Amino acid sequence: MKNQFVDRFFETMKGQISSSSIKEKLVALAVGAVVFLLVVPTALAVAASALTSWIPIPWPGLLEMTVAFLGFWGGLFILGWAILTRFLVGRSDAAPLAPYSRLITTGPYQWTRSPMELGLLLYYLGIVTYAANVAAGVLACLAATGAILWYQRNYEENEMEQRFGEEYRRYCSQTPSLFPKV
């Protein structure tokens, strides 16, 4: 199993990346990871903590630790699953701004059109809840959700519809944008 995965990984890499562009893609991926996994949650934690310091809401410690733990690890799991699916099925790198080579509708993409963003939201909820409190975590998620939805509506959906046409419209009619149906 492990060898099959490794072989498929390198086969995919050889088929799509020239030796000169692999450095550029790795740098872009590293910068994206630093920004979205360190800088953004730190800024959200500071801002949300400042806001909630004006309205202190006592939360039981166990609730906060549970939300922080589940948000952090659940978010990383969904994010990793989406990146792996995008790489293996979409045959493209996982950089969020890189165009998809094909429409992906399997794995976490069968539950939401934006599993990477959902994973990031849960991750932010976990980080900010741990750093401040549940109220700050919810505020951070609301702010990030607004930014994500604005970006999707104004840029991503138009580009995907132009690239994939009717196939994307059908996918949109069956799959929620950000939050999976319960």
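Biologist: Which salt bridge does the side chain of Arg153 form?
Modeller: This is a predicted model. In it, the side chains of Arg153 and Glu157 meet in a salt bridge, at 3.2 Å from N to O.

Biologist: Where do Arg153 and Glu157 lie?
Modeller: Both are in helix α5, four residues apart, which is about one turn of the helix.

Biologist: Is Glu157 buried or exposed?
Modeller: Glu157 is buried, because its relative accessible area is 17% and the cut-off for buried is under 20%. Arg153 has a relative accessible area of 46% and is partly exposed.

Biologist: What else does the side chain of Glu157 meet in a salt bridge?
Modeller: The side chain of Arg113, at 3.0 Å from N to O. Both Glu157 and Arg113 are buried.

Biologist: What does the pair of Glu157 and Arg113 tie together?
Modeller: Glu157 is in helix α5 and Arg113 is in the loop between α3 and α4, so the pair ties together parts that are 44 residues apart in sequence.

Biologist: How many salt bridges does the count come to?
Modeller: Five. One of them joins Glu161 to Arg169, with the closest N and O atoms 2.9 Å apart. Glu161 is partly exposed at 32% relative accessible area, and Arg169 is partly exposed at 37%.

Biologist: Which residues do salt bridges with shared partners join into one network?
Modeller: Arg113, Arg153 and Glu157.

Biologist: What is Ser177 in contact with, leaving aside its neighbours within four places in sequence?
Modeller: Ser177 is in contact with Thr112, Arg113, Ser114, Leu149, Gln152, Arg153 and Glu157. Arg113, Arg153 and Glu157 are the residues of the salt-bridge network.

Biologist: Where is the place of Ser177?
Modeller: In the segment after α5, the helix that covers 134-174. Ser177 counts as buried because its relative accessibility is 12%.

Biologist: Let me step back. How many helices and strands does the protein have?
Modeller: Five helices and zero strands. From the N terminus on, the order is α-α-α-α-α.

Biologist: What share of the residues count as buried?
Modeller: 39% of the 182 residues. The accessible surface of the protein is about 11000 Å², and carbon and sulfur atoms account for 69% of that surface.

Biologist: What share of the contacts with a separation of 6 or more comes from residues 24 or more positions apart?
Modeller: 72%. For a pair apart in sequence, take Thr66 and Gly126: they are 60 residues apart in sequence, and their C-alpha atoms are 8.9 Å apart in space. Thr66 lies in helix α3, residues 61-90, and counts as partly exposed because its relative accessibility is 34%.

Biologist: How many residues are in the largest nonpolar core?
Modeller: It has 25 residues. Those with the most contacts inside the core are Leu44, Leu103, Tyr109, Tyr124, Val128 and Tyr168.

Biologist: Which elements give two or more residues to this core?
Modeller: α2 (19-54), α3, α4 (115-131) and α5. Helix α5 provides the largest share, eight residues.

Biologist: Where is Val31 found?
Modeller: In helix α2. Val31 counts as partly exposed because its relative accessibility is 49%.

Methods:
Residues numbered from 1 in each chain as written. Predicted model: local features only at pLDDT ≥ 70, side-chain atom pairs only at ≥ 80, totals over all residues. Heavy atoms only, no water. Buried < 20%, exposed > 50% of the residue type's maximum accessible area, 1.4 Å probe, protein only. Contact = heavy atoms within 4.5 Å. Core = buried A, V, L, I, M, F, W, Y, C linked by side-chain atoms within 4.5 Å. Areas by Shrake-Rupley, 256 points an atom, 1.4 Å probe, with all protein chains shown as cover. Salt bridge = Lys/Arg side-chain N within 4 Å of Asp/Glu carboxyl O.
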